Amino acid sequence: MAFATRILASFHTSSFGETQPGLNKVKVLPLRKCTVVCKLKNPFPVVLTAHSSPTNNTKPLKAAEMKLIKKVGKQEHHLWSKRDSSGSGQKALNLVRIVSGLPNEKEAVYGALDKWTAWEPEFPLIAAAKALQILKKRNQWTRVIQVAKWMLGKGQGMTMGTFDTLLLAFDMDGRVDEAESFWNMILHTHTRSISKRLFSRMICLYDHHKNPDKVIEVFADMEELGVKPDEDTTKKVAHAFRKQGQEDKQKEVIKKYLGRWKYIHFNGERVRVKRALWNE
């Protein structure tokens, strides 16, 4: 308030329209009201209001005439509301406990899952995703399939991570036909956004169940979409071509996606070695 005090002192000792030392001459105007706004160190501006008459006598300002004006800040509107993850771990464990004690019937499982979300204001997606991971770690693949299908049926969890978990569960539970139907749905719905991870998952699934024709078919879709396979997937594709007697295709795939040399760490040093497939 020191700066405001100096301004008040200038009003007390000077009158409008008179010449002051160090100031230029000004024209006398019949001012009725003069408002001075000065910014102090505090975040709110202070407005000083002085009433004056047309005469040269200026009355001193009263303390009551000093007003504090608070500027109303802009109200922020968030377009996306953040999902509340508090208590999601306990909800996930509760879901796992409920599902694990149910008979292996679709109506019973779906009915229990619907009751689990009955009193929720919005779908507990975070808790459901955590429950899927817990069931996956416990190798309860049938329950993983049931919960994942229920989520997708509700239009929730439509992510590549959920798709990958469901395909893995199909693989480990031996449901190759269901995995193929689900993969065709993904391929036609998310053609340009399928990740390398999902292609590798399907090639691994067909290789696990000894179906080289399907491995080569998925690899053809992979090449058509311009997705480059990793080393492990490339070895599985080369092995499939070899089983089909297409050794020229096998060498072409190895030459295209695998270099002759690779680097490994041996005894704390980076060593260049020749790939095993190049020696065959």
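A cut-off to keep at hand before I start: I call a residue buried when its relative accessible area is under 20%, exposed when over 50%, and partly exposed in between. Also for the record, this is a predicted model.

**Entry 1: D164 and R201.** I looked up D164 with that cut-off in mind. Its relative accessible area is 1%, so D164 is buried. What does D164 pair with? I found a salt bridge to R201, with the closest N and O atoms 2.9 Å apart. The two partners come from distant parts of the chain: D164 sits in helix α6 (residues 160–172) and R201 in helix α8, 37 residues apart.

**Entry 2: α8 against α9.** Next I checked how α8 (residues 196–208) lies on α9 (residues 212–224). Their axes come within 8 Å and cross at roughly 165 degrees. Angles over 145 degrees count as roughly antiparallel, and α8 and α9 are therefore roughly antiparallel to each other. I noted the hand of the crossing too: left-handed.

Which residues make the contact? On the α8 side I listed K196, F199, M202, I203, Y206 and D207. Facing them from α9 are K214, V215, V218, F219, D221 and M222. Sorted by type, the contact residues come out as 8 nonpolar, 4 charged and no polar.

**Entry 3: K214.** E180 has 22% relative accessibility, so I put it down as partly exposed.

K214 has a salt bridge with E217 as well, at 3.6 Å from N to O. How are E217 and K214 placed in helix α9? They are 3 residues apart there, so about one helical turn separates them. E217 is at 43% relative accessibility, so this one also goes down as partly exposed.

**Entry 4: the rest of the salt bridges.** How many salt bridges does the structure hold? I got 12. Among what I looked up is a network: K149, D173, R175 and E178 are joined into one by salt bridges that share partners.

**Recap.** My notes on α8 keep two items: the R201 side chain bridging to D164, and the left-handed crossing with α9.

Conventions:
Residues are numbered from 1 along each chain as its sequence is written. This is a predicted model: local features need pLDDT of at least 70, side-chain atom pairs count only at pLDDT 80 or more; totals for chains, interfaces and linings use all residues. Side-chain values use heavy atoms; hydrogens and water are left out. Axes are lines fitted to C-alpha atoms, for helices over the stretch in contact, and angles run from 0 to 180 degrees between N-to-C directions. Helices (H or I, at least four residues) and strands (E, at least two) are DSSP runs, numbered from the N terminus. Angles under 35 degrees count as roughly parallel, over 145 as roughly antiparallel, 65 to 115 as roughly perpendicular and the rest as oblique. A crossing is left-handed if the near helix is turned anticlockwise from the far one by less than a right angle, and right-handed if clockwise. Contact means heavy atoms within 4.5 Å. Ala, Val, Leu, Ile, Met, Phe, Trp, Tyr, Cys and Pro count as nonpolar, Asp, Glu, Lys and Arg as charged, and the others, Gly among them, as polar. A salt bridge is a side-chain nitrogen of Lys or Arg within 4 Å of a carboxyl oxygen of Asp or Glu. Buried means under 20% relative accessible area, exposed over 50%, partly exposed in between (1.4 Å probe, protein chains only).
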